[in-house]
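Thanks, everyone. Please have a look at it first.

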Amino acid sequence: MDHFLYNGGILHAEDVPLPEIARAVGTPAYVYSAATLLRHYTLFDEALAWGPHLVCYAVKAASNVAILKLLGDAGAGMDVVSEGEYRRARAAGVPGDRIVFSGVGKTEGEMRHVLASGVRQINLESEPEMRLLSRVATEMGLDVPVTVRVNPDVDAKTHEKIATGRSDDKFGIPIARARAVYAEIAALPGLRVVGIDVHIGSQLTDLDPFRAAYRKVADLTETLRAEGHTIERLDLGGGLGIPYARSNLAPPVPLEYGRVIQEEVGHLGCEIEIEPGRLIAGNAGILMASTIFVKAGETRDFLILDAAMNDLIRPAMYGAHHDIVPVVEAAPGAETRPFDVVGPVCESGDTFAKGRDMVPPRAGDLVAFRSAGAYGAVMSSEYNSRPMVPEVLVQGDQYAVIRARPTFDEMISRDTIPEWLSDA
Ligand SMILES: *Cc1c(COP(=O)(O)O)cnc(C)c1O
């Protein structure tokens, strides 16, 4: 459920009509609903209410500091994968002891920064990384809480580019090596084992792969405990999927997911951490765009928008589907016809949808890409020198620009001409 609904034929974000935001901010623009973000966070929090837990929002899904502040103030922890994300979480006021540091390639500089500023735990992903962290922690006189991300060799049955838990993916250490690795950590100074970490992929629409992975984690917990390790925390990752098309079957909801967690690992008495990103932010944001032209092609008609692949890359990168809806509802019974919905960027990949049935818009008409809140703005770029897409946060009847669109001058002045090329 989200808070983007038609009211009087006009799509609103909560109580704000989207055309009002378009007039003030221009298009394209991302618009987020605070109520939806909070609702999704709360659903996860309630799904784990049966035991001690922390919902660590995966910052990479939508990392605007205002969004992090909203969720952090509600009690969320954060899962970060870089120093930049860590700094964003801290800038949003989230304390270090609610921030989990994940990621395949943490650098020594990143380790030093988060250790000096405070971190809840570091999820280790390789043996070289644990040796480096041991050295850094020892030099800093610290005893760092760590988990090891194990790769359970479970196929998440999701898109190739976002499956992370198969044995040939780059993430974590093979679960079969876990005993040896935990033994090595126990012998290293500066590291204190607190638990196990797993994350098998993103946009999972079936609970079975989660169940399979969590069962393996439960077995591993017993094994490692028997060998004398303290396993008191299980970080079970993120990955629960969202419905991208209204017409599709809805994937499992957080409550069902929480029940699977309870069934598989609830008996172990561990504190549970989860790292949802997409489900919290995905349906809490839309990308609003304007129609530039409707162009009749030889074999098909094109709807050319002022949003492009640089603003929303998911269709080009993952072949992802987004529902594209008019901001002002068409008259009932208006006829639809198929359009290829494209942006102005000079690549054929700059195609959002092919043969999408729509009521023919006119130039200037606004459309909204639904379910664009996660992996949308964060993956945007200025390709084709299109200034970075702005972000707007709505709460009730108020809205605020939380990242402004740079002016052309601002965009261009980030480049510098070397002295040896300058005219002067
Ligand atoms: C990407 C990622 C997440 C979030 O995944 P979602 O599918 O957005 O819930 C959580 N944990 C880790 C380690 C990740 O890489």
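Three residue pairs are in polar contact between domain 1 and domain 2, with both partners at pLDDT 80 or more. I mention pLDDT because this is a predicted model. On the side of domain 1 that touches domain 2, the elements giving two or more residues are the helix α11 (314-318) and the strands β20 (391-395) and β21 (398-403). That side is made up of six nonpolar, six polar and five charged residues. As for salt bridges across the interface of the two domains, the rule finds zero.

Now the domains themselves. Domain 1 comes in two segments, 4-31 and 282-413, and domain 2 covers 63-276. Their centres, taken over C-alpha atoms, are 33 Å apart. In terms of contacts, 17 residues of domain 1 meet 14 residues of domain 2.

How much area do domain 1 and domain 2 bury between them? About 1300 Å², with 54% of it on carbon and sulfur atoms. Of the area that domain 1 buries against domain 2, 31% is supplied by Tyr318, Asp323 and Ile402, more than by any other three residues.

Last, the ligand. It has 13 residues around it, and the closest are Lys60, Ser202, Glu275, Arg278 and Tyr375. For three of these I have distances to an oxygen atom of the ligand. For Ser202, a side-chain N or O atom is 2.3 Å from a ligand oxygen. A polar side-chain atom of Tyr375 is 2.5 Å from a ligand oxygen. For Lys60, the distance from a side-chain N or O atom to a ligand oxygen is 2.7 Å.

That is what I have; questions are welcome.

Terms used
Residues numbered from 1 in each chain as written. Predicted model: local features only at pLDDT ≥ 70, side-chain atom pairs only at ≥ 80, totals over all residues. Heavy atoms only, no water. Domains from an automatic or database assignment. Contact = heavy atoms within 4.5 Å. Buried area = accessible area lost by both parts, 1.4 Å probe. Salt bridge = Lys/Arg side-chain N within 4 Å of Asp/Glu carboxyl O. Polar contact = N/O pair within 3.5 Å; in protein donor to acceptor, adjacent residues only side chain to side chain. Helix = DSSP H or I, 4+ residues; strand = E, 2+ residues; numbered from the N terminus. Nonpolar A, V, L, I, M, F, W, Y, C, P; charged D, E, K, R; others polar. Near = heavy atom within 4 Å.
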